[in-house]
Structures are given as C-alpha cells and as structure tokens.
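Visitor: Hi, could you walk me through this one slowly? I am new to reading structures.

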Amino acid sequence: MQTPSSSLSYGTALTRGLRRRCPQCGIGTLLCGYLKPVTECEACKSDFSHISADDGPAWVTILVLGHVVVPLMLYFGRDDSIPLWIACAILSVIMLIGVYVILPRAKGLFIALIWMTGATGEDMAPNSLDQSDETHNRQ
Ligand SMILES: [Zn+2]
C-alpha cells in the first residue's frame, strides 16, 4: 500500500478527489465509468484496491440534495397554484440531475479522504478482531 507523500496537503488531495482525479498526482482518474473505482492510478501507480467508500458517497449526496429538495417540497406544498404533477416533475428532475452530478464527485472525495487517512477499515474486519481477541486472551 502506497502512502501519501508528506508534502501533499489534505486540501489538495480532497480537491483532486472531488474532481475524480488521483489524490497523489492529480493526473490519473479515480473512477472508470460512472462509479467503478480504479484499482491503481494509471499515471503514478498509487494503489486504491484496498479502499472501499461504501455508503459515504450516497450519504453525502442525500445530505446535499435534501437541503435543496426539501425546501422546494415545502414551497410547492404551500403554493396551490402549482399543480402537483408539475411539482413532482420538477423535483424529480432536480433529484436525477443532482444525483448524476454529485454522487461520482462524492465518491472521489471519499476515496481521496480514505487514501489520505489510511482509514480503510481493514483492521476492523472480523478476522482481525478474532486475532486481537486471541492475543488479548493469551495475556
Ligand atoms: Zn496518480
């Protein structure tokens, strides 16, 4: 596992992740296709195979879009001049476009954050917990 260089700041790495670029070099892409993460950077060969963003990107997407859509839902709910089907159509389009734009960027951001911090969760896997219990019991 390649570690981030010491001169790399969190701001730079996270900005590169947000742009779906390698947090180390900023040249290679983090995602192939819409959401599939690459195993290593095509430019600098940084390893991303051990990183899994899990539900973090979806959580950020819902958090951001919720702050846009819920106020609009309240507005449309109070305004009787806008037909319900138009309100639903507008909200659906906003949600679809918002998810299309935000979700891959949030995934790049999470991959960059996990890569920078080394918080892959591998030490929390069930096998490693069993080993630590055995170590603890021996003492
Ligand atoms: Zn790279």
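Guide: Let us begin with a term: helices (H or I, at least four residues) and strands (E, at least two) are DSSP runs, numbered from the N terminus. This is a predicted model, in which local features need pLDDT of at least 70 and side-chain atom pairs count only at pLDDT 80 or more, while totals for chains, interfaces and linings use all residues. Residues are numbered from 1 along each chain as its sequence is written, and side-chain values use heavy atoms, with hydrogens and water left out.

Visitor: Which residues does UniProt annotate as "transmembrane region"?

Guide: The unreviewed UniProt entry gives that annotation to residues 58–76 and 82–103; UniProt positions are given in the numbering used here, feature names are shortened, and annotations may be inferred rather than shown by experiment.

Visitor: And what is the chain like over residues 58–76?

Guide: Over residues 58–76 the chain is 100% helix and 0% strand, with the end C-alpha atoms 25 Å apart. Over residues 82–103 it is 91% helix and 0% strand, and there the end C-alpha atoms are 30 Å apart.

Visitor: Where is Tyr75 found?

Guide: Tyr75 is in helix α2, which covers residues 56–78. Its C-alpha atom is separated by 9.6 Å from that of Ala87, a residue 12 positions away along the chain. Tyr75 counts as partly exposed because its relative accessibility is 47%, where buried means under 20% relative accessible area, exposed over 50%, and partly exposed in between (1.4 Å probe, protein chains only).

Visitor: Changing topic, which residues coordinate the zinc ion?

Guide: The zinc ion is coordinated by the SG atoms of Cys22, Cys25, Cys41 and Cys44, at 2.2 to 2.3 Å. Donors here are N, O and S atoms within 2.8 Å of the metal (3.2 Å for Na, K and Ca), and since water is not among the atoms, sites may look incomplete. In sequence, the spacing of these donor residues is C-x2-C-x15-C-x2-C.

Visitor: Why is the arrangement around the zinc ion tetrahedral?

Guide: It is tetrahedral because the 4 donor atoms subtend angles of 106 to 115 degrees, and four donors count as tetrahedral if all angles lie between 85 and 135 degrees.

Visitor: Is Cys22 buried or exposed?

Guide: Cys22 counts as buried, because its relative accessibility is 0%.

Visitor: How many salt bridges does the count come to?

Guide: The count comes to 1 salt bridge, which is defined as a side-chain nitrogen of Lys or Arg within 4 Å of a carboxyl oxygen of Asp or Glu. Glu40 forms it with Lys45, the closest N and O atoms being 3.9 Å apart, and Glu40 itself counts as partly exposed because its relative accessibility is 38%.

Visitor: Last topic: what is the phi of Arg20?

Guide: The phi of Arg20 is near 65 degrees, a positive value in a residue other than glycine. Most residues other than glycine have a negative phi. Arg20 sits in the loop between α1 (10–18) and β1 (31–32).

Visitor: And where does Asp54 lie?

Guide: Asp54 lies in the loop between β2 (36–37) and α2, and its phi, near 50 degrees, is positive too. Asp54 counts as exposed because its relative accessibility is 64%, whereas Arg20 counts as partly exposed because its value is 32%.

Definitions and conventions
Four donors count as tetrahedral if all angles lie between 85 and 135 degrees; four count as square planar and six as octahedral if opposite donors are over 155 degrees apart and all others between 65 and 115; anything else is irregular.
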